[in-house]
Amino acid sequence: MYAGFVKRLLDIAASIVLIVLLSPVMLAIWLAVRLVLGAPALFYDERAGLHGRPFQIAKFRSMSSATDSAGQLLPDADRLGPFGKLLRRTSLDELPQLFSVLIGDMSLVGPRPLPMRYVER
């Protein structure tokens with residue numbers, strides 16, 4: 001009963017409270033990302049949910065879209081600036097994941113959803 005109902009109920013309640021309380025912070029981060037890195041402010045990645053089912057996870061962008069002369073994205077280390085490092089170090093880039101908790105794609109307590117490329121391993 002805990003895993004099926006109570007845990008889900010706690011996830012919904014906690015995510016709603018956190019989204020409401022942290023919405024001013026999320027709005028400020030969204031604006032800062034737009035100003036520093038440009039549009040879009042959110043980064044979406046496909047992750048493996050329960051039983052390997054894929055879902056889209058949202059995070060605030062922490063890397064620029066800088067490219068080389070051939071139009072290829074620069075390596076991650078070259079695109080991650082001081083602002084992005086701050087977002088990652090403080091885990092503020094992960095606040096949009098509260099919406100994934102609310103809709104049931106992930107839980108507040110449990111394993112971190114892995115990128116799909118790791119599911120086979």
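Biologist: Which residues form the nonpolar patch on the surface?

Modeller: L18, L108 and V109 form it. Together they have about 240 Å² of accessible area. Keep in mind that this is a predicted model.

Biologist: Where is V109 found?

Modeller: In the segment after α4, the helix at 97-103.

Biologist: Is V109 buried or exposed?

Modeller: V109 is exposed, because its relative accessible area is 58% and exposed means over 50%.

Biologist: Let's step back. How many helices and strands does the chain have?

Modeller: Four helices and two strands.

Biologist: What box do the C-alpha atoms fill?

Modeller: Roughly 55 × 40 × 20 Å, taken along the principal axes.

Biologist: How much of the chain is buried?

Modeller: Buried residues make up 29% of the 121 residues. The chain exposes about 8000 Å². Carbon and sulfur atoms supply 66% of that area.

Biologist: What share of the contacts comes from residues 24 or more positions apart?

Modeller: They account for 59% of the contacts with a separation of 6 or more.

Biologist: Now charges. How many positive and negative side chains are there?

Modeller: There are 14 positive and 10 negative ones. The centres of the two sets lie 4 Å apart.

Biologist: How many salt bridges does the structure hold?

Modeller: Six. Some of them form a network that links K59, D93, E94 and R112.

Biologist: Start with K59. Where does K59 lie?

Modeller: In strand β2, residues 54-60.

Biologist: Why does K59 count as buried?

Modeller: Because its relative accessibility is 13%, and buried means under 20%.

Biologist: What does K59 touch, leaving out residues up to four places away in sequence?

Modeller: A41, L42, F43, D93, E94, P96, Q97 and R112.

Biologist: How far apart are the closest N and O atoms of K59 and D93?

Modeller: They are 3.6 Å apart, and the two residues form a salt bridge. The pair links distant parts of the chain, 34 residues apart. K59 is in strand β2, while D93 is in the loop between α3 (82-89) and α4.

Biologist: Are K59 and D93 buried or exposed?

Modeller: Both are buried.

Biologist: What about E94 and K59, how far apart are their closest N and O atoms?

Modeller: 3.9 Å, in another salt bridge. This pair also links distant parts of the chain, with E94 in the loop between α3 and α4 and K59 in strand β2, 35 residues apart.

Biologist: How accessible is E94?

Modeller: E94 is partly exposed, with a relative accessible area of 26%.

Biologist: And E94 with R112, what is the distance between the closest N and O atoms?

Modeller: 3.3 Å, again in a salt bridge. E94 sits in the loop between α3 and α4, and R112 in the segment after α4, 18 residues apart.

Biologist: How accessible is R112?

Modeller: R112 is partly exposed, with a relative accessible area of 43%.

Biologist: Why would such side chains pair at all?

Modeller: Because side chains of opposite charge can pair when their charged atoms come close.

Key
Residues are numbered from 1 along each chain as its sequence is written. This is a predicted model: local features need pLDDT of at least 70, side-chain atom pairs count only at pLDDT 80 or more; totals for chains, interfaces and linings use all residues. Side-chain values use heavy atoms; hydrogens and water are left out. Patches are made of residues with over 30% relative accessible area and no salt bridge: like charges are joined within 9 Å, nonpolar side chains (Val, Leu, Ile, Met, Phe, Trp, Tyr) within 5 Å. Accessible areas come from the Shrake-Rupley method with a 1.4 Å probe; for residues, only the protein chains shown count as cover. A salt bridge is a side-chain nitrogen of Lys or Arg within 4 Å of a carboxyl oxygen of Asp or Glu. Buried means under 20% relative accessible area, exposed over 50%, partly exposed in between (1.4 Å probe, protein chains only). Contact means heavy atoms within 4.5 Å. Lys and Arg count as positive and Asp and Glu as negative; His and the chain ends are not counted. The place of a charge is taken as NZ of Lys, CZ of Arg, CG of Asp or CD of Glu.
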